[in-house]
Amino acid sequence: MTIRASRLDYLPDSELLRLRFCDLPLRLKGSLIEQRAQSVFDELAARDIRFRPTLWISEQWYNPDEVVGFAVPFYLLHPRLIRLERKMMLEAEGASLDEALSIVRHETGHAVDEAFQLRKMREYRKVFGSPQRAYPKDYIADSDSRDFVQHLNAWYAQSHPVEDFAETFAVWLQSRQGWRRKYRDWPAFEKLSAVDAWMGDLRGVEPEIKPRRVANELKESTRTLGEHYDEKREFYAVDAEDEFDGALHRIFEANGSGPRGRGHMSAAALLAEYRTRLRRRTAKPLGVPAYVVDQVLRQLVLRARTLKLRQSRSKAETMKKVSRLVSRATVAIIRNSPRLPL
């Protein structure tokens, strides 16, 4: 049975996680995320691109094939659900204004691609690659590449040609001239110039495929929020076991191996104390999900406790070394066992 929206504020996490998606009292019309999407659609109108993508609510952001629109995640429809998402995943993708606009511009790029059937053009394949290329479940990104624009986190443009187009379109839509300055010396400039030319040709043109109403998939789902988060957290799990032991030994010392400094803590306690700060300092600069970084930190705490290590240097010096280790370890895990989802 669907509950009232006002009651969500008073439900503890345990009860929220038992709710089924179809029982959530969520409405897209008039919501904050709809207003933010409309501001992006206004950017389309200002460029004389004459269509408005369809929106609906689902478990996550996504744009299915042959649909001129995209889904927004359920948690953005209620502040209580945003808090739950942050507790379960350590972040709520799209909750801030800037992040929401960035994602909506990206998804709008997919909608434009579909509406005008751009991927069928020979020029599209020449600039971005074949859209028929198999879609990977995950990918390895080159953080130093300048062949792709940088828009969403995790170097998303590198994942697939259609994502490359959507990211390039988002950068183009966001600024009429800013992309020319930022990317003028990048190979990605050719892609932006191509999108600029194609969009110029589409001014005032009616799309080949019209937006159509999409069923609210969330209202059809009997999955519980608990099942959703169990699956999502499992996807980002990191199982590194003893991979970090050598680096930890170089930063800390074994209990009893040297004189115990005043105020020195066990390595596990120190890492636990700084876990939140280290996660925040690492996730955003690397452009990776905060949950991945947190799983790396969890493994470091567990290994430090198992090895019975303790602090041997000043806290400031120790944390500088730990911060570099966390960054290296996170990048290594992404490259060797990718966890960047599509």
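I began with strand E1, where Thr-54, Trp-56 and Ser-58 point one way and Leu-55 and Ile-57 the other way, all of them buried (under 20% relative accessible area, with exposed over 50% and partly exposed in between; 1.4 Å probe, protein chains only). Helices (H or I, at least four residues) and strands (E, at least two) are DSSP runs, numbered from the N terminus.

I note that this is a predicted model, in which local features need pLDDT of at least 70 and side-chain atom pairs count only at pLDDT 80 or more, while totals for chains, interfaces and linings use all residues. Residues are numbered from 1 along each chain as its sequence is written, and side-chain values use heavy atoms, with hydrogens and water left out.

I then asked why E1 is largely enclosed by the rest of the structure. The reason is that 5 of the 5 residues of E1 (residues 54–58) are buried. In a regular strand the side chains alternate between the two faces of the sheet.

I next looked up the partner of E1: strand E2 (residues 69–73) pairs with E1 in the parallel sense over 5 bridges (pairing requires at least two DSSP bridges). Within this pair, Trp-56 stands opposite Ala-71 of E2.

I turned to backbone angles. Most residues other than glycine have a negative phi. Asp-48, in the loop between helix H2 (32–46) and E1, has a positive phi of about 65°. Asp-48 is partly exposed, at 27% relative accessible area. Gln-117 has a positive phi near 55° and belongs to the loop between helix H4 (97–115) and helix H5 (122–128). Gln-117 is buried, with a relative accessible area of 12%.
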